[in-house]
Amino acid sequence: MSATLQFMGGAGTVTGSKYLLRADGLAILVDAGLFQGLKALRRRNWDPFGFPPVDLDAVVLTHAHLDHCGYLPALRRQGLDCPVLATDSTIDLATLVLRDSAALQEEDAAYAAKGGWSRHKSPQPLYSTGDVESLLPLMQPVPFGESREVASTTTGASAHVTLVPAGHILGSACPQVTVGGARVVVSGDLGRASHPLLAPPAPRPGADVVLVESTYGDRRHRDDPETLLADTLTRTLGRGGVVVIPAFAVDRTEVVLMTLRRLMTQGRVPRVPVFADSPMALGALAVYRRAVAAHSADVRTPLGGVDGAFDPGDLREVHDARDSMAINDPGYPCIIVSASGMASGGRVVHHLKHLLPDPRNTVVLVGFQAMGTRGRALRDGAEQLKMHGRYVPVRAEVVNVEGFSVHADSDDLVAWLASGPDEPQVVYVVHGEPDAAAALADRVRGELGW
């Protein structure tokens with residue numbers, strides 16, 4: 001085996017995934033994620049990449065979440081000019097995610113300049129909408145299960161990639177990259193068999209080297225998150241409050257809407273207006289609806305009851321910023337599902353700024369909250385949050401419903417590793433905070449003997 005592997009992100013943290021594979025004069029980057037969360041991590045987005053992007057032969061994306069694809073426009077700005085390979089659905093979703101990311105960065109830079117709370121005289125975004133549009137023609141679709149040559153040299157060396165479903169979000173994949181005589185499998189983010197919309201992750205492909213995520217490598221998920229959610233919603237709506245659910249725009253919004261529909265249909269939660277307030281989430285919802293209608297390969301079959309599956313009964317899609325501002329203080333019981341999922345940016349920050357001071361209201365956290373994010377601060381009991389240069393008191397109830405995560409838990413991760421046809425030479429535990437990664441590594445050694 002003559003390949004080398006460099007960890008440029010997603011190591012010791014759950015963000016910024018970037019794995020550089022080099023062999024036989026070829027350079028393949030798996031994922032190009034943005035660092036999020038702690039300020040020290042976010043600053044790394046501005047560091048030199050460490051490898052000339054113009055020298056990359058291919059980029060392979062596991063899926064469309066920002067911490068796996070969000071650095072691509074920055075690479076393009078630095079000279080990236082090679083194919084970016086992913087499934088059709090990942091390309092559709094990444095287009096939405098990257099356009100939204102650039103727009104938010106431009107908006108935040110302008111807002112900081114106007115408000116005067118940046119230490120820079122003229123705050124600039126990491127990349128622009130122009131960088132995103134310049135990147136998009138490089139993206140090439142690869143169907144699940146098809147072996148595709150992604151790069152070659154004049155001396156006859158080549159690299160191939162095969163994508164298998166990861167079950168995490170629509171289009172998510174586990175790539176098997178074959179180069180330099182080595183088969184390297186990257187889990188990306190693995191999903192769960194209980195996902196209401198997507199098929200379970202496919203068995204692990206054969207591998208000499210495996211990179212496995214460990215977001216929840218030290219814990220098992222709750223079996224019944226719906227009861228906790230139903231009780232929380234009923235309690236809050238009953239006292240006249242507003243429920244704010246920070247939800248990732250891609251997949252988590254869809255899962256939350258499907259769950260709210262089920263709870264309201266069953267009479268377990270009062271029927272109230274449900275606002276879906278995120279342009280990107282609404283764009284993603286359209287992609288999901290198309291995938292369901294087209295019976296995409298990674299959509300659960302048979303899904304059942306697909307018509308209106310994402311409509312709890314009174315779904316109000318909020319496209320316009322003015323309409324979003326109108327629900328900062330709606331004045332009646334309702335549910336607001338808004339991005340971002342860690343409250344690190346987007347419209348949900350404005351909702352929290354207005355609704356957190358009122359003890360009648362509740363914030364429901366339905367996903368992983370990385371260190372350094374507002375969502376993590378809320379989960380950990382913060383009494384105030386800084387938003388748009390001001391501190392806002394936290395008097396609203398905060399409830400963490402962890403079981404809605406679409407990340408595999410510790411049991412799922414070990415089972416996926418064991419599902420492959422062979423024993424790898426080495427397993428690297430990545431994309432996890434140190435305690436979670438160490439716990440999973442202990443299980444892999446102890447239970448699989450690897």
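What percentage of the 450 residues of the protein count as buried? Here is a friendly walk through the model, point by point.

1. **Ground rules.** This is a predicted model, in which local features need pLDDT of at least 70 and side-chain atom pairs count only at pLDDT 80 or more, while totals for chains, interfaces and linings use all residues. Residues are numbered from 1 along each chain as its sequence is written, and side-chain values use heavy atoms, with hydrogens and water left out.

2. **Burial and surface.** To answer the opening question, 56% of the 450 residues count as buried. Buried stands for under 20% relative accessible area, exposed for over 50%, and partly exposed for what lies in between (1.4 Å probe, protein chains only). The protein exposes about 17800 Å², and carbon and sulfur atoms supply 50% of that area. Accessible areas come from the Shrake-Rupley method with a 1.4 Å probe; for residues, only the protein chains shown count as cover.

3. **Overall fold.** You will find 13 helices and 20 strands in the protein. Both are DSSP runs numbered from the N terminus: helices are H or I with at least four residues, strands are E with at least two. The radius of gyration is 21 Å, close to the 22 Å that the globule rule gives for 450 residues, so the protein is as compact as a globular protein of that length. That radius is taken over C-alpha atoms, and the rule is 2.2 Å times the number of residues to the power 0.38. Along the principal axes, the C-alpha atoms fill a box of roughly 70 × 50 × 40 Å.

4. **Contacts.** Take the contacts between residues at least 6 apart in sequence: 75% of them join residues at least 24 apart. A contact here means heavy atoms within 4.5 Å.

5. **Charges.** There are 42 positive and 50 negative side chains, and the centres of the two sets lie 7 Å apart. Lys and Arg count as positive, Asp and Glu as negative, with His and the chain ends not counted. Each charge is placed at NZ of Lys, CZ of Arg, CG of Asp or CD of Glu.

6. Q384 has P393 as its bridge partner, and M387 has R390. Two residues separate the strands, and H388 in the turn has a positive phi of about 55°.

7. **Backbone points to check.** Most residues other than glycine have a negative phi, and most peptide bonds are trans. H295, in the loop between α8 (279-293) and β14 (315-317), is not a glycine, yet has a positive phi of about 55°. H295 counts as exposed, at 67% relative accessibility. A343, also not a glycine, has a positive phi of about 55°, but A343 is buried at 1% relative accessible area. The loop between β15 and α10 holds A343. S340 lies in the loop between β15 (334-338) and α10 (347-355), and the peptide bond from A339 to S340 is cis, with omega near 15°.

8. **R268.** This residue sits in the loop between α7 (252-265) and β13 (274-277) and is partly exposed, at 32% relative accessible area. Leaving out residues up to four places away in sequence, R268 touches E226, T227, A230, T234 and L263. Y288 is 20 residues from R268 along the chain, and their C-alpha atoms are separated by 26 Å.

Methods
Pairing = 2+ DSSP bridges.
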